[in-house]
Amino acid sequence: MKISEILKNDSPSVSFEIFPPKASQSTEETVRVIEKLAPLAPSFISVTCRAGSTPDYTVKVAEAVESFGIPALAHLTCVSSDSREADRLTDALASRGIENILALRGDLPADGSFPTGDFPHASDLIAYIKRRGSFCLGGACYPDRHPESRTYAEDIEHLRIKEASGAEFLTTQMFFDNDLYYAFLYRLLRAGIKLPVIAGIMPVTNARQIIRSAELSGTALPPRMRAIADRFGDDPAAARQAGIAYATEQIVDLFAHGVNHVHIYTMNRPETAAAIMNNISDIIGK
Ligand code: FAD
């Protein structure tokens, strides 16, 4: 099922992100993660494509997601694909009945080099795949703007190019302050960008992860979250409970303000996803 169809539903829904194993490992453990996530009935599951793994594992894990009757969203990056590789991977996805692709530039290697170069920006990859088939394509967005963008206005202009290139939805980078997300929606509205924006929520369950998550997302840590890290950072069980409560509160606030689609970065931890889903079971009617 296409995510554009899922997003037409105007009642609250939750989807999950998982990552594939390293290239040197088998996919068995990841399939067990999907087995535990499936009963939580997510609207779809996205599968990342990262350095250290291989895009073939993204395809294989996405296929496993579909085998549980759950729509899969396969990530594809400009960093790992030139046009030949994009052709090969999109053919592999299409032949497995996978209809959704999140097209990204990808994280650049530490030395800043760009190994392939056919697609300098995610919008180039989106436009290319759009011409090749009938995938439902999504792109990434950043409520606190992408760290390489100098201004919010520049960031929004590049999202306009994503929309014009054929993106049908956006998924946000993790954010820890919902006001950033609401302000971002307002900037999109003002710019006339009509794409649905799935809110990405990362349950932060240990102090080290809090700091790393903030660094990765380029977003500021709200004082409330910093206080959680300071107070519970040395107690893993307490930090986990606080992280689940924080993410739950963010999600409830989003739903209360009329946001319908939330994406949980599960970090392949089904217990964390299950705890959050249990906290909002009556809200999402599951
Ligand atoms: P782009 O849209 O290309 O943007 C990158 C920068 O270039 C931005 O500053 C943008 O404003 C600018 N830009 C965009 N278009 C133009 C243009 N036409 N001209 C000039 N400048 C332009 N990384 C992975 O490696 N694997 C993953 O699976 C993965 N999944 C992700 C999922 C989500 C939901 C998000 C939010 C991020 C994910 N990332 C992933 C990280 C992402 O690859 C990085 O944040 C990367 O730095 C930017 O990717 P992008 O697709 O937003 O790039």
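A: Let's start at asparagine 268, in the loop between strand E8 (261–265) and helix H11 (270–279). Helices (H or I, at least four residues) and strands (E, at least two) are DSSP runs, numbered from the N terminus. The model is a predicted one, in which local features need pLDDT of at least 70 and side-chain atom pairs count only at pLDDT 80 or more, while totals for chains, interfaces and linings use all residues. Residues are numbered from 1 along each chain as its sequence is written, and side-chain values use heavy atoms, leaving out hydrogens and water.

Phi of asparagine 268 is near 60°, a positive value in a residue other than glycine. Asparagine 268 counts as buried because its relative accessibility is 17%; buried means under 20% relative accessible area, exposed over 50%, and partly exposed in between (1.4 Å probe, protein chains only).

Alanine 41 lies between H2 and strand E2 (45–47), and its phi, near 55°, is a positive value in a residue other than glycine. With a relative accessible area of 33%, alanine 41 is partly exposed.

Now look at helix H2 (residues 28–37) itself, where Thr30, Val33, Ile34 and Leu37 are buried. They cover an arc of only 100° around the axis, so they sit on the same side of H2; the arc is that of the directions from the helix axis to the C-beta atoms. Glu28 and Lys36, on the other side of H2, are exposed.

Next comes a space between residues. Rolling a probe the size of a water molecule over the atoms shows where empty space is left. The second largest pocket holds about 200 Å³ of space. A pocket is an open set of points on a 1 Å grid over the protein atoms alone, where a 1.4 Å probe fits, with protein on both sides within 12 Å along at least five of seven lines; lining residues have an atom within 4 Å of a point. Its volume is the space filled by probe spheres set on the points, which are joined across faces, edges and corners. Among the lining residues are Leu7, Tyr181, Leu185, Val197 and His257. Helix H7 (178–191) and strand E7 (197–201) are the elements that give two or more residues to this lining.

Between H7 and E7 runs a loop that holds lysine 194. Lysine 194 is exposed, because its relative accessible area is 73%.

Rings of Phe, Tyr and Trp (its six-membered ring) pair if their centres lie within 6.5 Å; planes under 30 degrees apart count as stacked, over 60 as edge-to-face and the rest as tilted. By this rule there are three aromatic pairs. Phenylalanine 119 and tyrosine 128 make a tilted one, 5.2 Å centre to centre with 55° between the planes. Phenylalanine 175 and tyrosine 181 make a stacked one, 5.1 Å centre to centre with 10° between the planes, and both of these residues are buried. Ring pairs also link Phe175, Tyr181 and Tyr182 into a cluster.
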